[in-house]
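Me: Can you walk me through a structure? Keep it short, please.

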Amino acid sequence: MSALSNGVYEKYGAHYATLTLTDGPYALTVTPEKGGMATSFTKDGEEYLWLRDKNFESTDRPRCGIPILFPSCSKPDGGVHIFGGQAYPIEIHGFADLLPWQVAKADGEAIELTLTPNGLTKFCYPFDFKLTMRYTLAGNTAHLALTVANTGDKPLPFSVGFHPYFATSALENVRFDITAATCSESPTGPQPAAPAQITLTKTPGAADSTRLLTGVKSPMVLSDSGNGHKVTVAFDEAKFGKAILWQQSAESFVCMEPWNGWANSVNEAGKHEELAPGAESTFAWSVTIE
């Protein structure tokens, strides 16, 4: 079993309580107040995640660590979801990454956090739910599992995903070992078959680089010849059939993200998850660092 310790992130006036699981040379840190997300994963103190301090310390949506995406991935058409004929505004990637989560359990076995509705969520998402995020650490593998429960009296529509930022030396040093059915730069229009070697290269004139993958097989592997890191993302293929590769110019990270919906999926029949009242579903995946 891993060990648990309490800590504090304190920098430039920001102050957040942290929870850290350790197993030998490996340590996984979670920050409940910042979207319930993992904010550090180290081996012998060497960081494999990427933390953008100024962003992390602000009230803006976190663009670092491993944000949790719910009830949608990316931003729907027009920035709204349509429920019962009414438009509800929603931020990109939903709201789970913007809110503080409650600590339900924290010991050497696991860290479990919960999120339930409040006035903000009801304004943009008129449903009752309970999210439970469970983190465990076994050696060099962190296991992450999000359970979505419908606590209301009507069907609960949603998509989920995770947005891990992995520290890299430079984009040109990164190699992916990924098998997928399609690979494109947009969820609409033609979806060409994925090449045998999937790459992420800078798009001329663009500030970032994106690849959208469907029919993705587990695991996805990222290797960096510059810093020597190897990261393996394994997932339940029945729950995550899509993935995103993303990199932003002038930043030292690459995102390799398991998703189960695209930007407008919650608005499209048959393209999102839907739980009956009283039902729940768990979306599990893992990160292994070498």
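Reply: We'll take the open sheet, a hairpin and a pocket in turn. This is a predicted model, where local features need pLDDT of at least 70, side-chain atom pairs count only at pLDDT 80 or more, and totals for chains, interfaces and linings use all residues. Residues are numbered from 1 along each chain as its sequence is written, and side-chain values use heavy atoms, with hydrogens and water left out.

Me: In what order do the eight strands of the open sheet come?

Reply: The order is 9-10-11-12-24-20-19-16, with antiparallel pairing. Strands are DSSP runs of E, at least two residues, numbered from the N terminus. Two strands pair if DSSP finds at least two bridges between them.

Me: Which strands stand at the edges?

Reply: Strand 9 (102-106) and strand 16 (174-177). Each has a single partner strand, so one side of each lacks a neighbour in the sheet.

Me: How many bridges join strand 16 to strand 19?

Reply: Four, and the two strands run antiparallel. Val 174 has Asp 224 as its bridge partner in strand 19.

Me: Switching to the hairpin. How many residues lie between strand 1 and strand 2?

Reply: Two. Tyr 12 in the turn has a positive phi of about 50°.

Me: Now pockets. Which element gives the most to the lining of the largest pocket?

Reply: Strand 18, with three residues.

Me: And how do the lining residues divide?

Reply: Nine are nonpolar (Ala, Val, Leu, Ile, Met, Phe, Trp, Tyr, Cys and Pro). Five are charged (Asp, Glu, Lys and Arg) and five polar (the others, Gly among them).
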